[in-house]
Amino acid sequence: MTEHLPKKDSGMEKPPISGRRAVVLLILVLAAAVLIAALGIVPRLRARTSLQQQTNDLAAPTVVVAKPKQGAPAQEVVLPGNIQAYTDSGIFARTDGYLQKWYFDIGAHVKTGQLLAVIESPEVDQQLAQARADLATAEANAANAKIQAARYQGLLKDNGVSEFDTDTFTTQAASTGTQVKSALANVQRLEQLTGFEKIYAPFDGTVTARNVDIGTLINSGTGLQLFHLSQEDVLRVYVNVPQIYSPSCVPGVGATLTLAEFPGKTFGGKIVRTAKAIDPASRTLLVEVDVKNPTGELYPGAYAQVHFRLNNTRPTLILPVSTLMFRSEGLRVGIVENNNKAKLVPITIGRDDGTVVEVTEGLQPGDDVIQSPPDSLIDGETVRVVQPQQQAQQQSPGGSK
């Protein structure tokens, strides 16, 4: 007979897992998996975002900005000038002949009416003698014709002569009177020509050229200049002023002259007149400055630097030339707006001395102007603004640490 083993106690068997406990366990497992995944992914995302931000920051150009300086209300403008005599004239002959004598050489100071030279013209003298003889003949003929006309007019009253003969002698008297006037005019003309045999100074001045000597053949006209005379007590200085300064160059504005041959010395003058027209070729205004020269230190024809103290007709801003950007669309400067965006603005410049320029239009005093902008800078680009000392540290060998 088969023995039946005793059954184990039912209380000792493992109870089955309920459905609710299985769901909770599954949720816990999934939560743990999500947590583990999050702990690995989030730092990666943060590192990627940080790397992208650093890349963008490094890609933005680093610039230094500064505000433009306010221009002075008045400025000194230095321009080249040509010195000329107040009155400058060449002396020519009005009669033909030979130079008999001259009295003044170059550098001599002469007064108005002083005799400079004498021309010998025997042909003109002979023509004058002949003209005077012709005048005497014409006067004699006119006197005889006048007597005959008066005689015939008296006889006509007594019917001693015909009216025809009386009219003939009366007409002859009138025509001979006209011949006298013609001869007299010829005499006066030749007397004037003989008067031109003596050359006189037309004004006070200095003889700057003598082109003839004794025995030189002289022909009347402008072919040969005998002397050249310059009035030097007051000099004219002509200056071509650029168009940008033309509104300030008006009569009465003072000017100062400096010359290389007079180091440390200045000569005062003032603007007396302008051309009131801009030369279309050079875009300049011709200005005349009068300078007193009582001692004769300044010479006509010299070169001088003319210093004008001109008032600015409009406020200007001063920028270093390193801020300028020469683009195909025109002259530009870069400014930084509040959101660190670069903006390229067109400007109009006035004076340029090679180091700084005057900006007359396009900028405001409060604009942050980019100093030495990169050539690749474009309008609307994001930039990183640093202070000058920060830029110096970054560019130093230890600045990258």
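User: In this predicted model, which residue of E13 does tyrosine 238 stand opposite?

Analyst: The model is a predicted one, and in it strand E10, which covers residues 225-242, pairs with E13 in the antiparallel sense over nine bridges. Strand E13 itself takes in residues 284-292. Across this pairing, the residue of E13 that stands opposite tyrosine 238 is glutamate 288.

User: How many of the nine residues of strand E13 are buried?

Analyst: A residue counts as buried when its relative accessible area is under 20%. Strand E13 is joined to E12 by seven antiparallel bridges, and it also pairs with E10 over nine bridges. The strand is described as mostly covered, and the number of its nine residues that are buried is seven.

User: Which residue of E13 does threonine 274 stand opposite?

Analyst: Strand E12 runs over residues 267-279, and seven bridges join E12 to E13 in an antiparallel arrangement. In E13, the residue that threonine 274 faces is valine 287.

User: Which residue takes a positive phi near 55 degrees in the hairpin of E12 and E13?

Analyst: Strands E12 and E13 run antiparallel to one another, and the hairpin that they make has four residues between the strands. The residue with a positive phi near 55 degrees in this hairpin is arginine 283.

User: Is lysine 276, which has a positive phi although it is not a glycine, buried or exposed?

Analyst: Lysine 276 lies in strand E12 and has a positive phi of about 55 degrees. To count as exposed, a residue needs a relative accessible area over 50%. The relative accessible area of lysine 276 is 76%, so this residue is exposed.

User: Which residues make up the covered face of strand E11?

Analyst: Strand E11, residues 254-258, has an uncovered face made of Gly254, Thr256 and Thr258. Four bridges join E11 to E12, where phenylalanine 267 is the bridge partner of leucine 257. Four bridges also join E11 to E14, where phenylalanine 308 is the bridge partner of alanine 255. The covered face of E11 consists of Ala255 and Leu257.

User: What is the bridge partner of lysine 69 in E15?

Analyst: Strand E2 and strand E15, residues 317-320, pair in the antiparallel sense over two bridges. The bridge partner of lysine 69 in E15 is isoleucine 318.

User: Is phenylalanine 104 buried or exposed?

Analyst: Phenylalanine 104 lies in the loop between strand E4 (97-102) and E5. Leaving aside its neighbours within four places in sequence, this residue is in contact with Val110, Gln114, Leu115, Leu116, Val207, Arg210 and Phe227. With a relative accessibility of 18%, phenylalanine 104 counts as buried.

User: Which strand supplies the largest share of the lining of the largest pocket?

Analyst: The largest pocket holds about 230 Å³ of space, and among the residues that line it are His109, Gly205 and Gln231. By class, the lining has two nonpolar, six polar and four charged residues. Strands E5, E8 and E10 each supply at least two residues of this lining, and the largest share, three residues, comes from E10.

User: What percentage of the contacts in the protein with a separation of 6 or more is between residues 24 or more positions apart?

Analyst: The protein has four helices and 22 strands, and 30% of its 401 residues are buried. Among contacts with a separation of 6 or more, the share that belongs to residues 24 or more positions apart is 73%.

Notes:
Residues are numbered from 1 along each chain as its sequence is written. This is a predicted model: local features need pLDDT of at least 70, side-chain atom pairs count only at pLDDT 80 or more; totals for chains, interfaces and linings use all residues. Side-chain values use heavy atoms; hydrogens and water are left out. Two strands pair if DSSP finds at least two bridges between them. On a 1 Å grid over the protein atoms alone, a cavity is a set of points where a 1.4 Å probe fits but cannot get out, and a pocket is an open set with protein on both sides within 12 Å along at least five of seven lines; lining residues have an atom within 4 Å of a point. Grid points are joined across faces, edges and corners, and a volume is the space filled by probe spheres set on the points. Ala, Val, Leu, Ile, Met, Phe, Trp, Tyr, Cys and Pro count as nonpolar, Asp, Glu, Lys and Arg as charged, and the others, Gly among them, as polar. Buried means under 20% relative accessible area, exposed over 50%, partly exposed in between (1.4 Å probe, protein chains only). Contact means heavy atoms within 4.5 Å.
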